[in-house]
Amino acid sequence: MILIAFPLINLLISLFEFSNLERTTKSIIFKFFLIISSLILIDGKLISAQTNNKIPVLNPSTGENIGSAPQCDKNDVNIAVESAHKAFQKWKKIPARERGKMVAAGAKRLEERKSEIETLLSLDTGNALRTQAIPETGASIELTNMFAGLSGELKGENYPTNIPNSIHYTTRDPIGVVCAIVPWNAPLFLTVAKIAPAIVAGNSVVLKTAEQAPFCALLLSEIFQQELPPGVLNVISGYGEECGEPLVTHEKVRKVTFTGSFTVGKIIAQKAAPKLCPVTLELGGKNPNIIMSDADLDIAIQGVIDGMRYTRQGQACTAGSRVYIQEKIYDKVLDGAFEKLSKLKMGNALDENSDIGAIISEEQLKRTLHYMDIAKKNSTTKVVHGGNQPSGDDYKNGFFYEPTLMSGVPVNSPVCQEEIFGPVACAIPFKTFDEVMSSANDTPFGLSAVLWTQNLSRALQFVEEIEAGFVQVNQCVAPRANVSYGGLKMSGLGKEYAFDSMINHFTQSKTILINRGKSNIDS
């Protein structure tokens, strides 16, 4: 393999401009380039792809090229699926508890090398090391261990039979080759959320990484698969039409799990439908974060910051980008949010002083700018905080945008209706609970929703009436291990992160009836 010399030199120079980047050692960066850049994972080995085409991968904090990922096509897809299909024939016969032990051993390997994974995650995505990359890596290892520990629960059920002399029971069996497609915003956690339950359940996997952030998922998979038989976990990279579509439609792929946009999710469902392949879809959201006048503002105002996922640049499906505030406390909440946002430090993702990193790509930055242009053209719009691209050497060539909160944007504006997937939220005043519930539900999405109130009756009414799959009251935590997560309406199909996802999405059921007949042995 040929090292990409100039990008590596530029990368190292930019890294060591910061005196507090002790974690980012030369050994980690050189190991990354030597081991995984420009490669895919097939049959337990990192190899070159069949294609010669490459996808350039940029560091969002600097805009510099940090390597390339293979632009895989149908030929690479076929090789990966054949490897997975061959491995599945043996893997499915290994007892579930033994599979769980191997996955637990894989989690231990991830723990041993978590500093490398955290660093590469930050470099790959632009997400700040301290506030995002370190917690995401830890959550990914926790989720892997959780599914490994649940291996013994993969079982069917016994039923009382209404047929004389018969036994009636069900089994839960692996499906086959699983196609897993992950996005760039939380590539480690979402990779684990798909591969860990699928593999524990006895399936083999072909993972397609996000072209914007392929390296951290590949590194995690390469470390993890060292405890697995060759071919159980394969990783490729590429664009949707060239790589994703032939993977989804491949005749030997029997399950598709996807996290990403509604537009792409709809296409995937259509492509998988002709072969009646089950599909799990975790899609977008335009989520309400509702603050009642009786809320505890000490936690509710912080909930605006946490709920909008500002420390992930707003790049989260669960981002509470519609902030509804009851009129009586509207100004007070905005003042408090401004104060807290002003204390957040934005900068290079690998700088441990940074609270906020960079938007993933120039394309995504332009999307944010497009919606901000729409908002600023409206005469009633007021920018409470942010609303600009930062300037100066610390932000030169990086894809940075200030955490932004606006008021006065009409509720029917595209800014309030469409998922921006950037650090932009709109504050919306309301008078009554019925009014805000009507507005909160007036969206094709139904992913997550939050209410802040000290009124128990109101909280229970909210839980009953809100059209969302992930609902919280007086907190706004991110999805995590053993919390069943998924959306309603156009936000997706199915749940993830908990035991029910492993059973429902990665196993299939057989119903068995056995007639024992009459005994030929005299009593």
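Q: What makes a residue part of the lining of the largest pocket, and which ones lie nearest its centre?
A: A lining residue has an atom within 4 Å of a pocket point. In this predicted model, 46 residues line the largest pocket, and W184, E211, Q212, S261 and V264 are the ones nearest its centre.

Q: Which elements give two or more residues to that lining?
A: They are β3 (54–58), β8 (204–209), α9 (240–249), β10 (253–259), α10 (262–272) and α13 (362–376). Top contributor is α10, with 6 residues.

Q: How do you know how the lining of the largest pocket divides by class?
A: Asp, Glu, Lys and Arg count as charged, so E211 goes in that class, while W184 and V264 are nonpolar. Sorted that way, the lining comes to 23 nonpolar, 13 polar and 10 charged residues.

Q: What about the second largest pocket: what is its volume, and which residues lie nearest its centre?
A: Its volume is about 700 Å³. The lining takes in 31 residues, with Q132, R309, R312, A478 and P479 nearest the centre.

Q: Which elements give two or more residues there, and which gives the most?
A: α6 (129–149), α7 (187–200) and α11 (297–307) do, and α6 gives the most, with 6 residues.

Q: What makes R309 and R312 charged here, and how does the whole lining divide?
A: Arg counts as charged, so both R309 and R312 belong to that class. The lining of this second pocket divides into 16 nonpolar, 7 polar and 8 charged residues.

Key:
Residues numbered from 1 in each chain as written. Predicted model: local features only at pLDDT ≥ 70, side-chain atom pairs only at ≥ 80, totals over all residues. Heavy atoms only, no water. 1 Å grid on protein atoms, 1.4 Å probe; cavity = no way out; pocket = protein on both sides within 12 Å on 5 of 7 lines; lining within 4 Å. Helix = DSSP H or I, 4+ residues; strand = E, 2+ residues; numbered from the N terminus. Points joined across faces, edges and corners; volume = space filled by probe spheres on them.
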